[in-house]
Amino acid sequence: MKFIVSSSYLLKQLQVLGGVINNSNTLPILDNFLFELNHNTLTVSASDLETTMSAKLDVESGDEGTIAVPAKLLLDTLKTFPEQPLTFIVEDNNTIEISSNHGKYALAYANGEEFPRAVELEDPSATTISGEILSTAISKTIFASGNDDLRPVMSGVFFQFSTENLTFVATDAHKLVKYAREDVKASQSAEFIMPKKPLNLLKGILAGNEADVLIEYNEANAKFSFDNTQLICRLIDGKYPNYEAVIPKENPNKLTIDRTQFLNSVRRVSIFSNKTTHQIRLKIAGAELNISAEDIDYSNKAEERLTCDYQGDDMQIGFNSRFLSEMLNNLNANEVQLEMSLPNRAGILTPIDGLDEGEQVTMLVMPVMLNS
C-alpha cells in the first residue's frame with residue numbers, strides 16, 4: 001500500500017482530527033489515526049469512543065488498505081516539514097515508511113481492523129444549516145453550559161428544532177443563554193443535548209465556513225456532515241430542564257447602556273470584589289448607574305458611576321461579576337438592555353443592535369444576595 005500526499009495539506013487535516021484524541025486513552029488503539037485508502041481517496045478517522053471524526057483527503061495512489069498510525073508521532077513529524085510531497089509506503093515488517101525530499105522515517109503501525117467503528121445512525125431525522133450559523137450558535141451558548149458531573153444534562157448545549165425556528169440553549173443554573181434563529185427551520189420538531197467536546201471541535205472548524213452542514217440525529221447519536229468531513233457523537237442522555245419556566249416574563253425595570261463601557265467598568269470594579277463571591281453591586285437611580293464592589297476582609301473597595309438610560313423604580317441588585325462580564329463579552333452589540341423585576345429575580349440581558357435578520361439572543365443572569 002502506497003500513496004503520495006502534500007505535507008501541509010495532510011497536517012492541516014490531521015490537526016483538526018487530532019482534537020478528538022484524548023491525552024490518556026483506555027484503549028491503546030485510540031492513540032492512532034485510522035488510515036483507510038481507496039485508490040485516490042484517503043479517509044482518516046480519530047475517535048475517543050464517544051466522538052468519531054473522519055475526513056476524506058485526495059492523494060495519489062492506486063492501492064487499497066487499512067492501517068492505524070500513531071497520531072502524536074505523525075503530527076510531531078509533519079509539523080517540522082516545509083511544504084512538499086510525502087510518499088507513504090506500508091512495509092511488510094509492520095512499519096510505514098515516509099519519504100520526504102531529504103530523508104526517510106519509519107514508524108510502527110497497528111492493525112486497522114482493531115480500530116472501533118463509528119456507529120451507523122438508524123432511521124435518523126435531518127436538518128441542514130449553514131456552517132457559519134452553527135458555529136455562531138455554538139460560540140454564543142457553549143460558555144454558559146455547566147461542568148457538573150452530577151448533572152450531565154447541563155454540561156451540554158440543548159438543540160431544539162421546530163418547523164418555525166431553531167433554538168440553542170445552555171445553562172449552569174447561574175446563567176442561561178438562549179440563541180434562536182427564525183431564518184432557519186427544521187422539517188420536523190426534535191430536541192437533543194450535544195456534549196461540549198464535539199461542539200468545540202465543530203466551532204473551530206466551521207468558523208467563517210459558508211458550507212452547508214447536514215445534521216442527522218436519532219435518540220442516541222448525532223452526525224454532522226460538511227465538505228469532506230463527518231463527525232458522529234453520542235448525545236447526552238436525559239431530559240433538559242424547562243428553561244422557559246425560569247425566564248421571568250414581567251420585567252418593568254429596563255436599563256439601556258453602552259456595552260463596552262459597562263463591560264470595562266464591571267471588569268475594573270470586580271478586581272476589588274471578594275475573591276470567592278465575585279460580587280458586584282448595581283445601584284440604579286434616574287439616569288445614573290453606580291457599580292461598586294467591596295472585599296471587607298482586605299478593606300478593598302471600588303465604585304464607578306456611569307450614565308445610562310433607565311426606566312423603572314430605583315433599585316439595587318447584586319451579580320457575580322464573572323458571569324456578567326462573560327455574557328457582555330459574548331455579545332457583539334454596541335448597546336445592551338438589562339431588564340429586571342426584583343433584586344432576588346434573574347436579570348435578562350439582550351443586545352439592542354448587532355444582530356442578523358432572524359437572530360435572537362436572550363441571556364439570563366441570576367442575582368446574588370447583597371449583604372447590606
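Predicted model: local features only at pLDDT ≥ 70, side-chain atom pairs only at ≥ 80, totals over all residues.
Because Arg268 belongs to helix 5 (residues 259–270) and Glu304 to strand 21 (residues 300–307), the pair ties together parts that are 36 residues apart in sequence. Arg268 has a relative accessible area of 44% and is therefore classed as partly exposed.

The whole structure contains 14 salt bridges. Among them is the contact between the side chains of Asp183 and Arg181, with an N to O distance of 2.8 Å. The two partners fall into separate accessibility classes under a scheme in which buried means under 20% relative accessible area. Arg181 is buried, at 4% relative accessibility, whereas Asp183 is partly exposed, with a relative accessible area of 41%.

A further salt bridge joins the side chains of Asp148 and Arg151, at 3.7 Å from N to O. Asp148 is partly exposed at 32% relative accessibility, and Arg151 is likewise partly exposed, with a relative accessible area of 41%. Elsewhere, salt bridges link Lys72, Asp76 and Lys79 into a network.

## Aromatic pairs and their cluster

A search of the whole structure gives 13 aromatic pairs. One of these is formed by Phe159 and Phe161, a tilted pair with 6.0 Å between the ring centres and 55 degrees between the planes. Phe159 and Phe161 are both buried; for Phe161 the relative accessible area is 2%.

Phe161 also pairs with Phe192, in this case edge-to-face, with the centres 5.7 Å apart and the planes at 80 degrees. Phe161 is in strand 11 (residues 156–161) and Phe192 is in strand 14 (residues 190–195), so this pair ties together parts that are 31 residues apart in sequence. Phe192 counts as buried because its relative accessibility, 6%, lies under the 20% limit for that class.

These contacts form part of a wider arrangement. Ring pairs connect Phe159, Phe161, Phe168, Tyr179, Phe192 and Tyr217 into a cluster. The tilted Phe159–Phe161 pair and the edge-to-face Phe161–Phe192 pair thus share Phe161 within that cluster.

## Negative surface patch

On the surface, a patch of negative charge brings together Glu132, Glu210, Asp356 and Glu357. Glu210 is located in the loop between helix 4 (196–206) and strand 15 (212–217). With 58% relative accessibility, Glu210 counts as exposed, since that class begins over 50% relative accessible area.

Residues in such patches have no salt bridge.

## Overall architecture

The protein chain has six helices and 27 strands. Among these elements are helix 5 and strand 21, which carry Arg268 and Glu304, and strands 11 and 14, which carry Phe161 and Phe192.

Taken along the principal axes, the box filled by the C-alpha atoms of the chain is roughly 80 × 50 × 35 Å. Of the 372 residues in the protein chain, 53% are buried.

Definitions and conventions. Residues numbered from 1 in each chain as written. Heavy atoms only, no water. Patch = residues over 30% accessible without salt bridge, like charges linked within 9 Å, V, L, I, M, F, W, Y side chains within 5 Å. Areas by Shrake-Rupley, 256 points an atom, 1.4 Å probe, with all protein chains shown as cover. Salt bridge = Lys/Arg side-chain N within 4 Å of Asp/Glu carboxyl O. Lys, Arg positive; Asp, Glu negative; His and termini not counted. Charge placed at Lys NZ, Arg CZ, Asp CG, Glu CD. Helix = DSSP H or I, 4+ residues; strand = E, 2+ residues; numbered from the N terminus. Buried < 20%, exposed > 50% of the residue type's maximum accessible area, 1.4 Å probe, protein only. Phe/Tyr/Trp six-rings, centres within 6.5 Å; stacked < 30°, edge-to-face > 60°.
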